[in-house]
Amino acid sequence: MNFDELRLKPLWQMTGEEFLLLQQHVEPKMQQQSTIVVPDTTKKYVYGIAGIARLFDCSIPTASRIKKSGKIAKAITQIGRKIIVDAEQALELAGQKSGGRK
């Protein structure tokens, strides 16, 4: 039996030996194909004051002060009582120095 016939044969009709033979024949072709790495572009969000506290590893009152200070305001979206924070942007904004002594 040649590989084209074997390839067309349903898997449930194959013997174990035929399946392994087909797998060994197809595997080198699969290795030749380049693998495409897709970067993780999904944004990470934290929710609420408790989420800010976990993000910055601080207490809830301190997280509330961070939010009220406006330092991470560009990363915060608030709809009513729901607070959504873009985690990466908030960490980036908090790391930037603004004001203070020179």
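Me: What do the buried residues of α5 pack against?
Reply: The buried residues of α5 pack against β1 (45–47), α3 (48–56) and β3 (82–86). Buried means under 20% relative accessible area, exposed over 50% and partly exposed in between (1.4 Å probe, protein chains only), and contact means heavy atoms within 4.5 Å. Keep in mind that this is a predicted model, where local features need pLDDT of at least 70 and side-chain atom pairs count only at pLDDT 80 or more, while totals for chains, interfaces and linings use all residues. Residues are numbered from 1 along each chain as its sequence is written, and side-chain values use heavy atoms, without hydrogens and water.

Me: OK, which residues of α5 are the buried ones?
Reply: In helix α5 (residues 87–95), they are A87, A90 and L93. They sit on the same side of α5 because they cover an arc of only 130° around the axis; the arc is that of the directions from the helix axis to the C-beta atoms.

Me: Why would residues three or four places apart point the same way in an α-helix?
Reply: An α-helix has 3.6 residues a turn, so residues at that spacing point the same way.

Me: And what's on the face of α5 turned away from the buried side?
Reply: That face carries the exposed residues E88, E92 and G95.

Me: How does α5 lie relative to the strands?
Reply: α5 lies across β1 and β3, and runs at about 70° to β3. Axes are lines fitted to C-alpha atoms (for helices over the stretch in contact), and angles run from 0 to 180 degrees between N-to-C directions.

Me: Let me zoom out. How many helices and strands are there?
Reply: The protein has five helices and three strands, and from the N terminus on the order is α-α-β-α-α-β-β-α. Helices (H or I, at least four residues) and strands (E, at least two) are DSSP runs, numbered from the N terminus.

Me: In what order do the strands sit in the sheet?
Reply: The three strands form an open sheet in the order β1-β3-β2, with antiparallel pairing. β1 and β2 are the edge strands, since each pairs on one side only. The twist averages 20° from one strand to the next. Two strands pair if DSSP finds at least two bridges between them.

Me: How many bridges join β2 to β3?
Reply: Four bridges join strand β2 (residues 76–79) to β3. I76 stands opposite V85 in β3, and T77 has I84 as its bridge partner there. β1 and β3 pair in the antiparallel sense over three bridges, and Y47 also stands opposite I84 in β3.

Me: What happens at G80 in the hairpin?
Reply: The hairpin of β2 and β3 has two residues between the strands, and G80 takes a positive phi near 65°.

Me: Switching to helices: at what angle do α3 and α4 pack?
Reply: α3 and helix α4 (residues 60–69) pack at about 100°, with their axes 8 Å apart. That makes α3 roughly perpendicular to α4. The contact involves I49, I52, A53 and F56 of α3, and I60, A63, S64, I66 and K67 of α4.

Me: Is D86 buried or exposed?
Reply: D86 is buried, with a relative accessible area of 9%, and lies in strand β3. Leaving aside neighbours within four places in sequence, D86 is in contact with K43, K44, Y45 and A75.

Me: And where is M14?
Reply: M14 is in the loop between α1 (3–8) and α2 (16–32). M14 is buried too, with a relative accessible area of 13%. Beyond neighbours within four places in sequence, M14 is in contact with L6, K9, F19 and L22.

Me: Last one: what share of the residues is buried?
Reply: Buried residues make up 19% of the 102 residues in the protein. Of the contacts between residues at least 6 apart in sequence, 33% join residues at least 24 apart.

How values were computed: Angles under 35 degrees count as roughly parallel, over 145 as roughly antiparallel, 65 to 115 as roughly perpendicular and the rest as oblique.
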